[in-house]
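Subject: Handover of a structure and notes on its contents

Dear colleague,

Please find the structure below. My notes on it follow, and I would be grateful if you read them with the model open.

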Amino acid sequence: ISISEWMRLILRRPYYQARRNWWEGFPKALPGMKGVLYASSGNDSDETGTPVIFSNMGDDGCFVFSKTPLYNYYPNHLEVKLDDDRVFKSDVVVMHRTSDMLGLGLKFKENAKNKDWQKEMSDYLNHLRRLGYVTY
């Protein structure tokens, strides 16, 4: 595998693709998904969480946007809430930030995902793929 092919595969991961066009201020949200991002900001911890919308989702990460800039914001936990009242929780690591500080590319930590989480999230991602919202 060539280096350029390897880089193309890496950059297709959901935490590097915001799926926001350059002319859009805010991306289209994935339907039926709401998120709350919990983080530590310096010495303070965020107990209430920051609401986010999902613009891209995959098996190993996601891209989220907040209505307020996320300066000095270091998320460590994400809750994904679906319309059917299912809730997925995962520890996350920031892989990418947008220049306007509204978007974050988050990678799910492996130790945060259990077999049930992976199965249910994979089923939901397949549902979104069939609807045309998730491409990767």
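Does Met101 count as buried, partly exposed or exposed, and what is its relative accessibility? At 24% relative accessibility, Met101 counts as partly exposed; here buried means under 20% relative accessible area, exposed means over 50%, and partly exposed lies in between, with a 1.4 Å probe and protein chains only.

Before the remaining findings, a word on the basis of these notes. This is a predicted model, in which local features need pLDDT of at least 70 and side-chain atom pairs count only at pLDDT 80 or more, while totals for chains, interfaces and linings use all residues. Residues are numbered from 1 along each chain as its sequence is written, and side-chain values use heavy atoms, with hydrogens and water left out. Helices (H or I, at least four residues) and strands (E, at least two) are DSSP runs, numbered from the N terminus.

Backbone in two loops

Met101 is not a glycine, yet it has a positive phi of about 65°. Its place is the loop between strand S6 (87-97) and strand S7 (103-108). Asn72, also not a glycine, has a positive phi of about 50°. Asn72 belongs to the loop between strand S4 (61-65) and strand S5 (74-82), and with a relative accessible area of 54% Asn72 is exposed.

Strands S3 and S4

Strand S3 covers residues 50-57 and is mostly covered, as six of its eight residues are buried. S3 pairs with S4 in the antiparallel sense over four bridges; two strands pair if DSSP finds at least two bridges between them. A hairpin of three residues joins S3 to S4. Within this pairing, Phe54 stands opposite Val64 in S4.

The aromatic pair

Rings of Phe, Tyr and Trp (its six-membered ring) pair if their centres lie within 6.5 Å; planes under 30 degrees apart count as stacked, over 60 as edge-to-face and the rest as tilted. By this rule there is one aromatic pair. Phe63 and Phe65 form this tilted pair, at 5.4 Å centre to centre and with 40° between the planes. Phe63 is buried at 0% relative accessibility, and Phe65 is buried at 1%.

Salt bridges

The structure holds four salt bridges, a salt bridge being a side-chain nitrogen of Lys or Arg within 4 Å of a carboxyl oxygen of Asp or Glu. One of them joins the side chains of Arg86 and Asp84 at 2.9 Å, N to O. Another joins Glu120 and Arg86 at 3.5 Å, N to O. The latter pair links distant parts of the chain: Glu120 is in helix H2 (residues 115-131), and Arg86 is in the loop between S5 and S6, 34 residues apart.

Because Lys119 and Asp123 are four residues apart in helix H2, about one helical turn separates them. Lys119 is exposed, with a relative accessible area of 51%, whereas Asp123 is partly exposed, with 37%.

With kind regards
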